[in-house]
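Have a look at the structure first.

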Amino acid sequence: SLLVRNSAMAVPLFLKALSIDEFRQIAVEGLENWIHYADLTVEQAIHILQVAVQLITREEDGEVAIVEGASEIICELVYQNAESEVFYQAFCHYLPHLCNLLARGGERYEDVQVLKPIGSMVLECGELFLGMLLQTPAVLQSLIPAILNLSSHPDQVIVELTFNFWTELE
């Protein structure tokens, strides 16, 4: 299809635009839209995963649109690569960084609008990879405390994010 062919050109352009402050937000939005049509190799998906995690962890001011977009990008990559052991290993490499953000969520993200997309993304990815996570206890050990922290968050919107994960876990 035309979108798939053009995504081969569009995705690298959006990745380059992410390094320019003035274009970062629109590049995240564009990448978030185009990634659905991209026919990515696992290596390309891992590179984009790395970039998205950097966007989330680098945004000290917690710019909601960038955090939301980067979180959606990661979810889409996980959906596209849910059966890939190589992608799973890369995801596991970055998971502790994301879990640390959630563990410090109350301190760093007073704005629920910033904490919510990160929490949703980690939980959704955790649900998708649950079978593999149960086979790698060390990774699960970094995830569970972060989810427990979300479960005890004072805002009910954040707590509700965890219900599906706990249901899937049992």
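## Aromatic rings

Y88, F91 and F129 are joined into a cluster by ring pairs (Phe, Tyr or six-membered Trp rings with centres within 6.5 Å; planes under 30 degrees apart are stacked, over 60 edge-to-face, the rest tilted). The whole structure has four aromatic pairs. Take F91 and F129: their ring centres sit 5.3 Å apart with the planes at 50°, so this pair is tilted. The pair ties together distant parts of the chain, with F91 in helix α5 (residues 85-103) and F129 in the loop between α7 (112-128) and α8 (130-135); helices are DSSP runs of H or I, at least four residues, numbered from the N terminus.

F91 is buried at 1% relative accessibility, and F129 is buried at 1% too (buried is under 20%, exposed over 50%, partly exposed in between, with a 1.4 Å probe and protein chains only). F165 and W166 make an edge-to-face pair, 5.5 Å centre to centre and 75° between planes.

## The salt bridge

There's one salt bridge here (a Lys or Arg side-chain nitrogen within 4 Å of an Asp or Glu carboxyl oxygen). R24 and D21 form it, at 2.7 Å from N to O. R24 is buried at 12%, while D21 is exposed at 54%.

## Behind the numbers

This is a predicted model: local features need pLDDT of at least 70 and side-chain atom pairs pLDDT 80 or more, while totals for chains, interfaces and linings use all residues. Residues are numbered from 1 along each chain as its sequence is written, and side-chain values use heavy atoms, leaving out hydrogens and water.

Technical notes. Helices (H or I, at least four residues) and strands (E, at least two) are DSSP runs, numbered from the N terminus.
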